[in-house]
Amino acid sequence: MSTLLPIDDEVAPRPSTQLANPFCGWLLNVVVDEVDLGDAGKVKRECIKHPGAVAILALDDEGRIALVNQYRHAVKTVMWEIPAGLLDCPGETPLATAQRELAEEADLLAARWDVLVDYLSSPGFCNEAIRIFLARDLTQVPEADRHERGEEELAMQLRWVPLEDVAAAVLAGRLHSPSLAIAALAALASRAAEWNTLRPADAHWRHQPGTLPY
C-alpha cells in the first residue's frame with residue numbers, strides 16, 4: 001500500500017536582478033529580471049506585476065449564484081462573471097474589499113463569509129493572486145445606499161443562475177471567466193463535501209499581495 005505524499009506549492013524565490021522596467025502603468029508594471037536557476041544557469045524573464053484581486057461567489061438560499069456581465073476589451077467580449085475587484089485600496093483587507101465589491105457590483109450584503117479557493121491567474125508571467133470568497137445569507141443594499149456605477153460597470157446586469165447550470169456552461173465552453181469557472185467548480189466540490197473544505201474569511205493567504213518578495 002503506497003503512502004501519498006502531500007502536494008504543496010513551495011514559495012522559494014530564486015536570486016534575481018532587475019534588468020529593465022519597460023512599462024509602468026496605473027495598474028500593471030512590466031519588469032525584465034535575470035533569474036539565477038543554479039545549475040540551470042541564468043535566464044531572463046519578463047514579468048507583469050499586479051496588485052491582486054478578490055472575487056465573490058454569492059450563493060442564495062435557492063442554490064443560485066449572482067452573475068454580473070462586463071465588457072472585457074482585451075478579448076473583445078461581454079463576459080458573465082462573479083463580482084470582483086482589485087486590491088488597490090491601501091489598508092483595506094481582502095475581506096473588506098470583497099464586501100465592498102459585492103455591494104457595488106451586485107447591490108448585495110452577506111452575513112456569512114468564507115474563503116472558497118485561492119489561485120494565481122497566470123504564474124508563468126504575472127504575479128496576480130486572486131482570493132475567491134463564498135458569500136451567503138444575502139440581503140440587498142438599501143436603494144438609498146447603492147453605488148453609482150460608471151465606465152464598464154454602467155451597463156452591468158445582474159442575473160441569478162443555479163450553481164449546477166453555471167458549472168455545466170463552463171464545462172460546455174460557453175462561459176470563460178477564470179474566476180467564475182474556478183469558483184463554480186470549487187463550490188460544487190465543497191458543497192458535496194458538506195462545505196467542510198471552506199476556510200475562515202481571514203485565513204492565511206500564501207500569495208497575498210504585498211506580503212511576498214515579488
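I number residues from 1 along each chain as its sequence is written, and side-chain values use heavy atoms, with hydrogens and water left out. Because the model is predicted, local features need pLDDT of at least 70 and side-chain atom pairs count only at pLDDT 80 or more, while totals for chains, interfaces and linings use all residues.

**Helix α3.** I took helices (H or I, at least four residues) and strands (E, at least two) as DSSP runs, numbered from the N terminus.

I then listed its buried residues (under 20% relative accessible area, with exposed over 50% and partly exposed in between; 1.4 Å probe, protein chains only). They are Ser179, Leu180, Ala181, Ala183, Ala184, Ala186, Ala187 and Ser190. By contact (heavy atoms within 4.5 Å), these residues pack against β4, β5, β6, β8, β9 and α2.

Asn196 sits in the loop between α3 and β11 and counts as exposed because its relative accessibility is 62%. I found a polar atom of the Asn196 side chain 3.1 Å from the backbone oxygen of Ala193.

**Cores.** A nonpolar core here is a set of buried Ala, Val, Leu, Ile, Met, Phe, Trp, Tyr and Cys residues joined through side-chain atoms within 4.5 Å. The largest has 27 residues, of which Leu57, Ile65, Leu67, Leu116, Ile132 and Val166 touch the most other members. β4, β5, β8, β9, α2 and α3 each supply at least two residues, and α3 gives the most, with 6. Apart from this core lies another, of 18 residues, including Ile56 and Val115.

I looked up Ile132 separately: leaving out residues up to four places away in sequence, its contacts include Leu57, Leu116, Ser179, Ile182 and Ala183.

**Sheet.** Strands pair if DSSP finds at least two bridges between them. Three strands make an open antiparallel sheet in the order β6-β5-β10. β6 and β10 are at the edges with a single partner strand each, so one side of each has no neighbour in the sheet. Antiparallel β5 and β6 are joined by 5 bridges, and Val68 stands opposite Glu81 in β6.

Terms used: A polar contact is a pair of N or O atoms within 3.5 Å; within protein, one must be able to donate a hydrogen and the other to accept it, and residues adjacent in sequence count only if both atoms are side-chain atoms.
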